[in-house]
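Q: I am new to this structure. Can you walk me through its features, one at a time?

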Amino acid sequence: MHTEVFTQARSAKLYTNTPVDPAQIQALYDLAKWAPTESNTCPMRLLFIQSKDAKARLLPAIAAGNVAKVESAPVTAVVAFDTAFTEKLPVLAPHMPSPSYFDHMSAEAKAFSGYRSTHLQAGMLIAAARSMGLDCGPLAGFDRAAVDAEFFADSTWQTSFLLMLGVADTSQVYPRGPRLSFEEACQII
Ligand SMILES: Cc1cc2nc3c(=O)[nH]c(=O)nc-3n(C[C@H](O)[C@H](O)[C@H](O)COP(=O)(O)O)c2cc1C
(Lines give C-alpha, C1' and ligand atoms only; values in the text may rest on other atoms or scores of the structure.)
Protein backbone atom coordinates (compact mmCIF):
# COMPACT_ATOMS: atom_id res chain seq x y z
CA MET A 1 0.00 0.00 0.00
CA HIS A 2 1.34 3.44 -0.88
CA THR A 3 1.92 5.72 2.10
CA GLU A 4 0.05 8.54 0.28
CA VAL A 5 -3.10 6.69 1.33
CA PHE A 6 -2.29 8.06 4.80
CA THR A 7 -0.32 11.24 4.17
CA GLN A 8 -2.27 12.77 1.29
CA ALA A 9 -5.84 11.49 1.51
CA ARG A 10 -8.29 13.78 3.26
CA SER A 11 -11.72 13.30 4.75
CA ALA A 12 -13.65 14.48 1.71
CA LYS A 13 -16.57 16.79 2.46
CA LEU A 14 -17.99 17.52 -1.00
CA TYR A 15 -18.01 15.33 -4.09
CA THR A 16 -18.07 15.77 -7.86
CA ASN A 17 -20.83 14.06 -9.80
CA THR A 18 -18.47 11.30 -10.98
CA PRO A 19 -20.45 8.15 -10.23
CA VAL A 20 -19.25 5.13 -8.27
CA ASP A 21 -20.38 2.01 -10.05
CA PRO A 22 -21.57 -1.18 -8.35
CA ALA A 23 -18.46 -3.07 -9.47
CA GLN A 24 -16.29 -0.55 -7.57
CA ILE A 25 -18.47 -0.98 -4.48
CA GLN A 26 -18.05 -4.73 -4.68
CA ALA A 27 -14.30 -4.43 -5.25
CA LEU A 28 -14.13 -2.16 -2.22
CA TYR A 29 -15.81 -4.73 0.00
CA ASP A 30 -13.64 -7.48 -1.45
CA LEU A 31 -10.56 -5.62 -0.18
CA ALA A 32 -11.97 -4.49 3.16
CA LYS A 33 -13.27 -7.94 4.07
CA TRP A 34 -9.71 -9.09 4.77
CA ALA A 35 -9.46 -6.88 7.85
CA PRO A 36 -8.60 -8.69 11.08
CA THR A 37 -11.47 -9.17 13.54
CA GLU A 38 -11.77 -10.89 16.89
CA SER A 39 -11.98 -14.66 16.26
CA ASN A 40 -12.78 -13.74 12.63
CA THR A 41 -16.27 -12.59 13.61
CA CYS A 42 -16.49 -10.02 10.75
CA PRO A 43 -19.32 -8.06 12.45
CA MET A 44 -19.32 -5.02 10.12
CA ARG A 45 -22.29 -4.69 7.78
CA LEU A 46 -22.59 -2.09 5.04
CA LEU A 47 -25.65 -0.58 3.41
CA PHE A 48 -24.55 1.35 0.32
CA ILE A 49 -27.01 4.14 -0.42
CA GLN A 50 -26.83 5.04 -4.07
CA SER A 51 -30.31 5.37 -5.57
CA LYS A 52 -32.23 8.64 -5.52
CA ASP A 53 -35.02 7.01 -3.52
CA ALA A 54 -32.70 5.60 -0.85
CA LYS A 55 -30.89 8.94 -0.55
CA ALA A 56 -34.24 10.67 -0.04
CA ARG A 57 -34.91 8.28 2.85
CA LEU A 58 -31.49 9.02 4.39
CA LEU A 59 -31.44 12.80 4.12
CA PRO A 60 -34.02 13.61 6.86
CA ALA A 61 -31.69 11.96 9.40
CA ILE A 62 -28.67 14.06 8.43
CA ALA A 63 -27.62 17.04 10.59
CA ALA A 64 -28.11 20.37 8.84
CA GLY A 65 -24.37 21.00 8.47
CA ASN A 66 -23.88 17.69 6.66
CA VAL A 67 -26.85 17.72 4.26
CA ALA A 68 -25.03 19.34 1.32
CA LYS A 69 -22.18 16.85 1.79
CA VAL A 70 -24.41 13.78 1.66
CA GLU A 71 -26.39 15.28 -1.24
CA SER A 72 -23.18 15.64 -3.23
CA ALA A 73 -21.84 12.13 -2.51
CA PRO A 74 -22.69 9.56 -5.20
CA VAL A 75 -22.70 6.84 -2.55
CA THR A 76 -23.03 6.96 1.22
CA ALA A 77 -22.37 3.75 3.14
CA VAL A 78 -24.17 3.15 6.40
CA VAL A 79 -21.46 1.43 8.42
CA ALA A 80 -23.29 -0.87 10.81
CA PHE A 81 -22.57 -3.80 13.05
CA ASP A 82 -24.63 -6.93 13.36
CA THR A 83 -25.72 -7.43 16.95
CA ALA A 84 -26.27 -11.10 16.02
CA PHE A 85 -22.74 -11.42 14.67
CA THR A 86 -22.05 -14.68 16.53
CA GLU A 87 -24.62 -16.50 14.37
CA LYS A 88 -22.01 -16.59 11.60
CA LEU A 89 -19.38 -18.25 13.80
CA PRO A 90 -19.96 -21.80 12.51
CA VAL A 91 -18.91 -20.56 9.05
CA LEU A 92 -16.36 -17.93 9.99
CA ALA A 93 -14.71 -19.73 12.91
CA PRO A 94 -15.55 -23.43 12.55
CA HIS A 95 -12.71 -24.31 14.92
CA MET A 96 -14.50 -22.58 17.78
CA PRO A 97 -16.39 -24.78 20.26
CA SER A 98 -20.11 -24.17 20.64
CA PRO A 99 -21.32 -22.54 22.85
CA SER A 100 -18.50 -20.08 22.19
CA TYR A 101 -16.85 -17.74 24.68
CA PHE A 102 -19.16 -15.02 23.37
CA ASP A 103 -22.12 -16.92 24.85
CA HIS A 104 -20.58 -16.47 28.30
CA MET A 105 -20.10 -12.72 27.92
CA SER A 106 -22.37 -10.02 29.26
CA ALA A 107 -24.45 -8.25 26.60
CA GLU A 108 -22.25 -5.18 27.07
CA ALA A 109 -19.02 -7.13 26.59
CA LYS A 110 -20.37 -8.81 23.47
CA ALA A 111 -21.54 -5.50 22.02
CA PHE A 112 -18.15 -3.96 22.79
CA SER A 113 -16.42 -6.82 20.98
CA GLY A 114 -18.69 -6.33 17.97
CA TYR A 115 -18.10 -2.58 17.90
CA ARG A 116 -14.35 -2.99 18.29
CA SER A 117 -14.00 -5.34 15.35
CA THR A 118 -16.50 -3.33 13.26
CA HIS A 119 -14.34 -0.26 13.64
CA LEU A 120 -11.16 -2.15 12.79
CA GLN A 121 -12.94 -3.28 9.63
CA ALA A 122 -14.17 0.26 9.00
CA GLY A 123 -10.63 1.65 9.24
CA MET A 124 -9.55 -0.88 6.65
CA LEU A 125 -12.58 0.07 4.54
CA ILE A 126 -11.36 3.66 4.48
CA ALA A 127 -7.80 2.58 3.60
CA ALA A 128 -9.19 0.23 0.91
CA ALA A 129 -11.27 3.02 -0.66
CA ARG A 130 -8.26 5.32 -0.73
CA SER A 131 -6.03 2.60 -2.18
CA MET A 132 -8.56 2.23 -5.03
CA GLY A 133 -8.45 5.97 -5.72
CA LEU A 134 -11.83 6.64 -4.16
CA ASP A 135 -12.24 9.54 -1.75
CA CYS A 136 -14.31 9.07 1.37
CA GLY A 137 -15.58 11.03 4.33
CA PRO A 138 -16.88 9.68 7.65
CA LEU A 139 -19.85 11.37 9.31
CA ALA A 140 -21.24 11.12 12.83
CA GLY A 141 -23.45 14.19 12.45
CA PHE A 142 -26.76 12.43 11.89
CA ASP A 143 -29.53 10.79 13.88
CA ARG A 144 -28.43 7.19 14.39
CA ALA A 145 -31.78 6.05 15.78
CA ALA A 146 -33.58 7.54 12.78
CA VAL A 147 -31.29 5.67 10.35
CA ASP A 148 -31.84 2.42 12.26
CA ALA A 149 -35.61 2.96 12.20
CA GLU A 150 -35.63 3.79 8.49
CA PHE A 151 -33.34 1.03 7.21
CA PHE A 152 -32.87 -1.61 9.90
CA ALA A 153 -36.23 -1.81 11.67
CA ASP A 154 -36.55 -5.55 11.00
CA SER A 155 -32.92 -6.49 11.26
CA THR A 156 -30.17 -7.03 13.80
CA TRP A 157 -27.97 -4.37 12.15
CA GLN A 158 -27.18 -1.25 14.15
CA THR A 159 -25.80 1.93 12.62
CA SER A 160 -22.42 3.27 13.76
CA PHE A 161 -21.44 6.00 11.29
CA LEU A 162 -21.82 7.05 7.66
CA LEU A 163 -19.06 6.96 5.06
CA MET A 164 -19.48 9.09 1.96
CA LEU A 165 -17.72 7.72 -1.12
CA GLY A 166 -16.87 9.25 -4.47
CA VAL A 167 -14.45 11.62 -6.12
CA ALA A 168 -13.76 14.66 -3.95
CA ASP A 169 -14.61 18.18 -5.04
CA THR A 170 -11.35 19.79 -3.93
CA SER A 171 -12.38 23.37 -4.71
CA GLN A 172 -13.16 24.16 -1.06
CA VAL A 173 -10.64 22.18 0.98
CA TYR A 174 -9.62 23.70 4.32
CA PRO A 175 -6.09 23.28 5.75
CA ARG A 176 -5.43 19.92 7.32
CA GLY A 177 -5.65 19.69 11.10
CA PRO A 178 -2.50 18.75 13.02
CA ARG A 179 -2.02 15.34 14.60
CA LEU A 180 -0.51 14.44 17.95
CA SER A 181 3.24 13.90 17.89
CA PHE A 182 4.75 10.50 18.60
CA GLU A 183 5.74 11.73 22.07
CA GLU A 184 2.19 12.85 22.86
CA ALA A 185 0.41 9.76 21.60
CA CYS A 186 2.84 6.88 22.05
CA GLN A 187 5.08 5.28 24.58
CA ILE A 188 7.78 2.68 24.15
CA ILE A 189 8.54 0.87 27.37
C1 LIG B 1 -16.34 9.05 13.41
C2 LIG B 1 -16.16 10.31 12.61
C3 LIG B 1 -17.19 11.23 12.54
C4 LIG B 1 -17.08 12.38 11.77
N5 LIG B 1 -18.17 13.19 11.64
C6 LIG B 1 -18.09 14.25 10.78
C7 LIG B 1 -19.24 15.03 10.53
O8 LIG B 1 -20.33 14.79 11.05
N9 LIG B 1 -19.12 16.05 9.64
C10 LIG B 1 -17.94 16.35 9.02
O11 LIG B 1 -17.89 17.28 8.21
N12 LIG B 1 -16.83 15.61 9.25
C13 LIG B 1 -16.88 14.56 10.10
N14 LIG B 1 -15.77 13.78 10.31
C15 LIG B 1 -14.52 14.09 9.59
C16 LIG B 1 -13.41 14.58 10.53
O17 LIG B 1 -13.66 15.92 10.89
C18 LIG B 1 -12.06 14.40 9.84
O19 LIG B 1 -11.86 13.02 9.63
C20 LIG B 1 -10.89 14.95 10.65
O21 LIG B 1 -11.03 16.33 10.88
C22 LIG B 1 -9.57 14.72 9.91
O23 LIG B 1 -9.59 15.33 8.63
P24 LIG B 1 -8.58 14.86 7.47
O25 LIG B 1 -8.81 13.38 7.28
O26 LIG B 1 -9.00 15.64 6.25
O27 LIG B 1 -7.22 15.17 7.91
C28 LIG B 1 -15.86 12.64 11.09
C29 LIG B 1 -14.80 11.72 11.19
C30 LIG B 1 -14.95 10.56 11.93
C31 LIG B 1 -13.81 9.57 11.96
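**Reading the model step by step**

A: Start with a proline. Pro 99 sits in the loop between α5 (89–92) and α6. Keep in mind that this is a predicted model.

Q: Which form does the peptide bond from Ser 98 to Pro 99 take, cis or trans?

A: Most peptide bonds are trans. The bond from Ser 98 to Pro 99 is cis, with omega near 0°.

Q: What is the phi of Ser 39, and where is Ser 39 placed?

A: Most residues other than glycine have a negative phi. Ser 39 has a phi near 50°, a positive value in a residue that is not glycine. Ser 39 lies in the loop between α2 and β1.

Q: How do I read the packing of helix α2 and helix α6?

A: Two packed helices are described by the angle between their axes and the distance between the axes. Here, helix α2 (residues 22–32) packs with helix α6 (residues 107–131) at an angle of about 130°, and their axes are 9 Å apart. That angle makes α2 oblique to α6. The crossing of α2 past α6 is right-handed.

Q: Which residues of α2 and α6 meet?

A: From α2 come Leu 28, Leu 31 and Ala 32. From α6 come Gln 121, Met 124, Leu 125, Ala 128 and Ala 129. By class, this contact of α2 with α6 has seven nonpolar residues, one polar residue and no charged ones.

Q: What is the strand order in the sheet?

A: Four strands form an open sheet, in the order β1-β2-β4-β3, with antiparallel pairing. The edge strands are β1 (44–49) and β3 (135–139), and each pairs on one side only. From one strand to the next, the twist averages 30°.

Q: How many bridges join β3 to strand β4?

A: Five bridges join β3 to β4 (residues 157–166), and the two run antiparallel. Cys 136 stands opposite Leu 165 in β4.

Q: Which strands does α6 touch?

A: Helix α6 packs on the sheet and touches β1, β2 (75–82), β3 and β4. The direction of α6 makes about 155° with that of β2.

Q: Which residues surround the ligand?

A: Look for Arg 10, Ser 11, Lys 13, Asn 66, Pro 138, Leu 139, Ala 140, Gly 141, Phe 161, Arg 176 and Gly 177. By class, the shell around the ligand has four nonpolar, four polar and three charged residues.

Methods: Residues numbered from 1 in each chain as written. Predicted model: local features only at pLDDT ≥ 70, side-chain atom pairs only at ≥ 80, totals over all residues. Axes fitted to C-alpha atoms, helices over the stretch in contact; angles between N-to-C directions. Parallel < 35°, antiparallel > 145°, perpendicular 65-115°, else oblique. Left-handed = near helix turned anticlockwise from the far one by under 90°. Contact = placed C-beta atoms within 7 Å. Nonpolar A, V, L, I, M, F, W, Y, C, P; charged D, E, K, R; others polar. Near = placed C-beta within 6 Å. Pairing = 2+ DSSP bridges.
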